[in-house]
Amino acid sequence: MATMVFFAMLQAQAPQVLGDSHAMLRLEQGRRYLLLPIEEKADMANIRVLKDNSIVQTLNARLAVDKVDYYVPLELRGAHLLDIFFRGDRRTKGALNGLACWREAKYSDTFDTANREHFRPKYHHTPLYGWMNDPNGMFYKDGVWHLYYQYNPYGSQWENMTWGHSSSSDLVHWEAQPMAIMADGLGTIFSGSCVVDTRNTAGFGKDAIVAFYTSAGESQTQSMAYSTDGGRTFIKYSGNPVLVSTAPDFRDPHLFWHEETSRWIMLLAVGQEMQIYSSANLRQWTLESRFGAEYGCHDGVWECPDLMRLPVRGTGQQKWMLICNINPGGPFGGSATQYFIGDFDGHKFTCESRQDVTKWMDYGKDHYATVTFDHAPDGRRVAIAWMSNWQYANEVPTRQFRSANAVPRDLDLFTDGTETYCGVTPSEEMLQLRGKTVKQPTEACEIVVTLKGTADITLANAKGEQVVMHYDAQKQTFSMDRTKSGDVSFSEAFPCMTLAPTHGQLKQLRLFVDRCSIEAFDADGRMAMTNLVFPSEPYNIIKVKGGKAVIYEIKDI
């Protein structure tokens with residue numbers, strides 16, 4: 001991750017107070033950033049950025065009333081005025097001219113993004129600062145993995161949705177890139193996907209990167225942008241929006257090329273169903289079919305779809321899998337990823353299971369918005385998820401940033417009895433993180449546990465904080481109890497035990513431990529469980545009953 005050194009701070013000048021909830025701040029010229037002081041308990045303020053008397057940007061931020069929790073950088077780009085409207089009651093926030101934000105706002109030519117937080121992961125992808133949720137627009141091209149994500153650069157809670165961007169040559173070392181797609185007159189930028197247009201079907205050029213995303217304005221509509229420099233910068237299509245609907249929840253387009261029909265397929269999450277569209281040129285779209293009524297879990301809104309063909313282990317066959325993220329409705333509350341197995345003929349997806357069968361990709365609390373990379377090499381299906389849960393994502397005990405991505409996973413299919421399930425295996429690139437073996441767990445490590453049968457695994461520290469895992473060989477279940485894992489006070493929904501079916505006997509477990517997470521995998525890819533944890537100090541004690549553990553330290557990245 002790139003780091004910019006913090007220096008040359010000057011206190012901002014006093015505001016012009018125009019009423020109980022309205023103020024203006026004239027900006028000094030020649031400054032790159034105004035560092036906005038944020039207080040998370042404060043009410044939201046709406047900020048209009050003016051240049052030459054025209055509004056060039058609008059944003060919402062929780063400007064500090066009493067104290068500063070952290071700063072975020074507002075790049076000024078020659079702006080001369082901030083027009084600020086405060087929400088909330090004057091009786092609770094005090095007189096406008098006495099707010100902490102005026103005393104603490106500073107000009108700077110740089111912004112410090114050094115990783116100093118106790119809970120910031122060592123080897124999981126995170127934004128340099130600010131809020132991150134759903135992964136978006138992921139694709140692979142010319143040896144580079146591109147990961148875009150829902151991003152708020154003006155605070156560590158959900159707001160101001162744009163597409164952030166990181167890139168990697170190995171799925172492990174991520175480099176922060178400039179923001180990719182920002183809000184416009186059609187609305188903020190919600191989730192979507194990117195494809196590599198190898199056939200130049202859209203006319204933007206061979207191998208152009210074409211992004212589809214939801215414009216979230218008064219209504220949710222679908223828009224398109226394209227990149228001719230490998231995904232670094234995007235040009236928005238002049239004909240946006242490309243697709244509209246009267247449905248209030250109409251979002252998260254996911255695209256792929258269907259070889260048999262020589263058409264692009266787009267899935268859209270619409271309320272509690274998935275709509276499937278097709279197009280020859282990425283500009284005009286035809287509704288082909290709908291899927292979802294009566295199938296799977298409907299306890300929440302369906303979001304972030306994906307559809308892919310995967311091999312079935314040991315059969316020589318392939319089947320289609322439709323991913324459907326749902327919030328709420330997860331197996332242990334809040335958001336989670338469900339999926340359906342069946343067939344797709346280029347027009348319609350047909351599920352092979354009974355309507356009341358629900359399948360979950362990950363049985364932890366913190367694995368959501370799972371989607372895969374377009375154009376991945378060697379026919380791989382590599383998935384990345386947001387490692388949090390909407391029940392408490394805005395309240396977890398971090399400040400400069402919020403949220404990480406789970407480790408990348410390769411997907412395939414396997415059978416158990418009469419049903420077919422999604423296989424989830426940590427991507428092979430994760431092996432390069434393994435360092436030397438050590439005797440005790442560290443704040444960032446991989447633990448491989450060879451099992452003899454029913455087993456108990458406990459990770460703990462000297463403070464008595466612990467995570468207890470239990471494998472029941474007879475019942476074929478695996479559980480993780482984080483009720484005493486550390487700080488669980490920020491949400492009643494956080495302390496819990498999660499339970500997963502193992503679809504057979506477990507022989508080996510792979511545990512990926514980072515500063516605020518534990519991800520448990522069956523080494524054969526038949527079970528995955530992802531949970532956040534917030535211990536006051538790292539777990540440095542391991543107890544294993546019914547197996548033997550080997551601990552690998554994580555190499556510096």
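Is R48 buried, partly exposed or exposed? R48 is partly exposed, with a relative accessible area of 28% (buried means under 20%, exposed over 50%, partly exposed in between, with a 1.4 Å probe and protein chains only).

The model is predicted: local features need pLDDT of at least 70, side-chain atom pairs count only at pLDDT 80 or more, and totals for chains, interfaces and linings use all residues. Residues are numbered from 1 along each chain as its sequence is written, and side-chain values use heavy atoms, with hydrogens and water left out.

**View 1. Salt bridge between D83 and R48.** The closest N and O atoms are 2.7 Å apart (a salt bridge is a side-chain nitrogen of Lys or Arg within 4 Å of a carboxyl oxygen of Asp or Glu). D83 lies in strand β8 and R48 in strand β5, 35 residues apart (strands are DSSP runs of E, at least two residues, numbered from the N terminus). D83 is buried, at 4% relative accessibility.

**View 2. Salt bridge between R309 and E260.** Here the closest N and O atoms are 3.0 Å apart. R309 is in strand β22 and E260 in the loop between β18 and β19, so the pair ties together parts 49 residues apart in sequence. R309 is partly exposed at 34%, and E260 is exposed at 51%.

**View 3. Salt bridge between D362 and R409.** The N to O distance is 2.9 Å. Both D362 and R409 are buried.

View 4. T214 is buried, with a relative accessible area of 0%. A polar atom of the T214 side chain lies 2.9 Å from the backbone nitrogen of D252.

Terms used: A polar contact is a pair of N or O atoms within 3.5 Å; within protein, one must be able to donate a hydrogen and the other to accept it, and residues adjacent in sequence count only if both atoms are side-chain atoms. Helices (H or I, at least four residues) and strands (E, at least two) are DSSP runs, numbered from the N terminus.
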